[in-house]
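Please read this short report next to the sequence and the 3D structure. It moves from the whole chain to two residues named in a database record.

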Amino acid sequence: MDAITLTRPDDWHLHLRDDEALSAVVGHTAAQMGRAIIMPNLTPPITTTAQAIAYRQRILAALPEGSAFEPLMTLYLTDTTPPEEIERAAESGIVKAVKLYPAGATTNSASGVTDIAHCDDTIAMLASVGMPLLVHGEVTDHEIDIFDREAVFIERVMKPLLAKHPKLKVVFEHITTQQAAEFVAAAPDNIAATITAHHLLFNRNKMLAGGIRPHYYCLPILKREQHRQALLKAATSGSPKFFLGTDSAPHAQGDKESSCGCAGAYTAPAAIELYAAAFEEMDALDKLEAFASLNGPRFYGLPVNADIVTLERRSWNLPAHYPYTAGQHIIPLMAGESLAWKLKA
Ligand SMILES: NC(=O)N[C@@H](CC(=O)O)C(=O)O
Ligand SMILES: [Zn+2]
Ligand SMILES: [Zn+2]
């Protein structure tokens, strides 16, 4: 097989940042994806519908000429988000989901939720308007080992949350463990998950064996091979519960290559090609379209994209870096390395 044609994919979990950084990165996603769910973890975070509408305008203004890319906006849930904000969000037609960051779990999560009990009425409103809650599923308890934080989150937070709100639509974002993959597969239809390309392609050795590679440091952190295998199995299973969410999370080179480096892998420039590599490893390229282009819109209740894209089997090398903010580069995942598939321009 030398070419694959797919309905144009969407990215159901993306960080675009703001200002200069936004302008530097948005074209990479817009060249591949029809739409993307835009994460709200700016500083300060996007907590209101009015802020989401303004942020969407900045994204549209930063797009390359003629781009049809559509940003789908989210709100950042806090301890004090009122249920009325959810009603406003639903009425806007612009906000598609609300994001739960446990306070302190990841980049720009300081304003996140300290105890989900504070959000009960707001989450009940989400369930009643049918808007998905997107969850960064890691506990923040310092007693819990970083490699166990996702699995513990399922028991301590996810199961009680779903027991209390059985109709709530939940996307378990960027799952990284066998436990999460099995939990989602066995859950009712209102529970789905995004999976990143980097968690499908790499285990923690890539980050830590033979030298520490900060561009592979992201949250949730890369896990053991056993977990990568479980994610590959889930993504290629044909189940409509699993879909593409790159979690492409740009940070300046200097903020990654540091004594206390930021979490986040920059995968947007080669997103679909990285997923193609993972699906090919499973001999499952025939399952890529459902995962990348069909399952996400179905869960969100949106139409699939009307146009198609073509991937060609053609070896190419990722650039060593891209321009980012003034005086800073951004280093993509697999910088300088080769990929077997290339999206046809
Ligand atoms: N994934 C990451 O490692 N980082 C994300 C935050 C997130 O998605 O948790 C970021 O905003 O940089
Ligand atoms: Zn996250
Ligand atoms: Zn993210």
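Of the 345 residues of the protein, 49% count as buried, where buried means that 20 or more other C-beta atoms, placed from the backbone, lie within 10 Å of the residue's own. The model is predicted: local features need pLDDT of at least 70, side-chain atom pairs count only at pLDDT 80 or more, and totals for chains, interfaces and linings use all residues. Residues are numbered from 1 along each chain as its sequence is written, and chains are lettered from A and ligands numbered from 1 in the order in which they are written.

The protein has 12 helices and 13 strands; these are DSSP runs, helices (H or I) of at least four residues and strands (E) of at least two, numbered from the N terminus. Its C-alpha atoms fill a box of roughly 50 × 45 × 40 Å along the principal axes.

An unreviewed UniProt entry annotates K99, H136 and H174 as "binding site". They are spread over 76 residues of sequence, yet the largest C-alpha distance is 12.7 Å. UniProt annotations may be inferred rather than shown by experiment.

Not counting residues up to four places away in sequence, H136 touches residues including T106 and E173, and H174 touches, among others, H13 and D247; contact means C-beta atoms, placed from the backbone, within 7 Å.

Terms used: Buried ≥ 20, exposed ≤ 12 C-beta atoms within 10 Å, placed from the backbone. Contact = placed C-beta atoms within 7 Å.
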